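Q: Please take the terms used for this model one at a time, and set each value against its cut-off.
A: The structure comes before the terms.

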Amino acid sequence: MSFAKKKVFISGAYRGFGRSLATHFSNGGAELFLTVRGEQARQETLDFFQSHSRQPAHVYDCDLSNPRAVSATMAAVAGETDHIDIIVNNAAMWLEGGINDVTDEAVADTINSGVTGSVLVIKNLEKLLLNSKTPDIVNMISACGIPYFKASSAHVAFYAMKHGQSGMSELLTDRLKGEGVRVISLYPPDFHNVEEDPEPWSRREESPFGTMLTSRELIDTIDFALTRPRNCMMNQIFFEDTRTQ
C-alpha cells in the first residue's frame, strides 16, 4: 500500500511489531515520528531507519507514563510538522504471572505503559491530528482486552491495561467521529512477529503452533482498514485464534 506524503506517529517502535509496522509505513513512503524508551534505543532506531529508508524518520526517547516527558516530546513533534495523519498506539509493557509474582512498581508501569501513555499521546497530538485531511488513530490492543477472554498467561495488570485501552478506544470512536477521525482498534491473540524483509515477508512462515497469526496479517489488516473510503470505519477488529496443536 502507498502511504506517500503521510505523516505517521508510532509509539513503541524500538523492536518487535512496532519496528515492523514502522518499516512498513516507511517502505510505503510515510514520514515517521517514533517514540522509544532510552537513549540507546533512540540512537539504534534512528540509525536503522537512516540506513534502511529514504523517508524521514524522527525518533524520540520518551517515557509515555511520564506526563512531562510526553508533553515535551509532543511539543518536539509539533516543531517538526503541522499535522499528523495516523497515530498508532502500540507501546505496552508485557507482564505475566500470578498477582503476587511481580512488584508493585511493575504493576504500575504495565498499566501506565498502555493506558496513561495512549491517553497522553492522543491528548497532546489531537491538534496535529485534526489538522490532517485524513485523521486516523490505530490502537493495538489485544485479545486480553476482550470481555471474558481468559486464555493468556498475562498478569492481571496486563489485562487491566488492555481493558483500559479498549474502553478509551470505544469512547474516542464516538467522540471523535464528528471531527472526521476514524479510531481503529485491533484485538489479536498471541502472534509471531515477522520482520519486513523481502524473503521472510513473501513466504508463509511455519511456527511450532501451526497456523499462528503473524505480524504480516496484522499489518495487512491495518492497511485494509486505513485505505477504505472515509465513510467506512472498522472501529473494532477481532481475530480468531487459528493455531493448531
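Q: Why is α1 called mostly covered?
A: Of the 12 residues of α1, 10 are buried. Buried means under 20% relative accessible area, exposed over 50%, and partly exposed in between (1.4 Å probe, protein chains only). The buried residues include Phe-17, Leu-21, Thr-23 and Phe-25. They pack against β1 (7-11), β2 (31-36), α2 (39-52), β4, β5 (136-140) and α7 (215-226); contact here requires heavy atoms within 4.5 Å. Helices (H or I, at least four residues) and strands (E, at least two) are DSSP runs, numbered from the N terminus.

Q: What do the values rest on, and how are residues numbered?
A: This is a predicted model, in which local features need pLDDT of at least 70 and side-chain atom pairs count only at pLDDT 80 or more, while totals for chains, interfaces and linings use all residues. Residues are numbered from 1 along each chain as its sequence is written, and side-chain values use heavy atoms, with hydrogens and water left out.

Q: How does the span of α1 compare with the one expected?
A: From its first C-alpha to its last, α1 reaches 17 Å, close to the 16 Å expected. The expected span is 1.5 Å times one less than the number of residues. Just after α1, Gly-29 takes a positive phi of about 100 degrees.

Q: What makes the rings of Phe-17 and Phe-191 an edge-to-face pair?
A: The structure holds 5 aromatic pairs. In this one the centres are 5.5 Å apart and the planes stand at 80 degrees, so the pair is edge-to-face. Rings of Phe, Tyr and Trp (its six-membered ring) pair if their centres lie within 6.5 Å, and planes under 30 degrees apart count as stacked, over 60 as edge-to-face and the rest as tilted. Phe-17 lies in α1 (residues 16-27) and Phe-191 in the loop between β6 (182-187) and α6 (198-202), so parts 174 residues apart in sequence are tied together. Phe-17 is buried at 8% relative accessible area, whereas Phe-191, at 27%, counts as partly exposed.

Q: How do you know that Trp-94 and Phe-158 form an edge-to-face pair?
A: Their distance is 4.9 Å centre to centre, with 70 degrees between the planes; both values meet the cut-offs, under 6.5 Å and over 60 degrees. Trp-94 lies in the loop between β4 (86-89) and α4 (104-130) and Phe-158 in α5 (residues 156-176), so this pair ties together parts 64 residues apart in sequence. Trp-94 is partly exposed at 42%, and Phe-158 is buried at 7%.

Q: What makes Arg-19 lie over the face of Phe-48?
A: Arg-19 is 4.3 Å from the ring centre of Phe-48. The rule asks for NZ of Lys or CZ of Arg within 6 Å of the ring centre and within 35 degrees of the ring normal. Arg-228 lies over the face of Phe-224 in this way, at 4.1 Å.

Q: Which residues touch the most other members of the largest nonpolar core?
A: Ile-10, Phe-25, Leu-186 and Ile-222 do, in a core of 31 residues. α7 gives the most to this core, with 5 residues. Ile-222 touches Phe-17, Leu-21, Phe-25, Val-138, Met-140 and Leu-186, not counting residues up to four places away in sequence. Apart from this core lies another, of 23 residues, among them Phe-33, Tyr-60, Val-121 and Ile-137. A nonpolar core is a set of buried Ala, Val, Leu, Ile, Met, Phe, Trp, Tyr and Cys residues joined through side-chain atoms within 4.5 Å.

Q: Why is the contact of Arg-37 with Asp-63 called a salt bridge?
A: The closest N and O atoms are 3.2 Å apart, and the definition asks for a side-chain nitrogen of Lys or Arg within 4 Å of a carboxyl oxygen of Asp or Glu. Arg-37 lies in the loop between β2 and α2 and Asp-63 in the loop between β3 (57-61) and α3 (67-80), so the pair ties together parts 26 residues apart in sequence. Arg-37 is exposed at 52%, and Asp-63 is partly exposed at 21%. By this rule the count comes to 7 salt bridges.

Q: How do you know that Glu-217 and Arg-216 meet in a salt bridge?
A: Their N to O distance is 3.4 Å, which meets the 4 Å cut-off. Glu-217 is partly exposed at 21%, whereas Arg-216 is buried at 9%. Elsewhere, salt bridges that share partners join Asp-136, Arg-182 and Arg-230 into one network.
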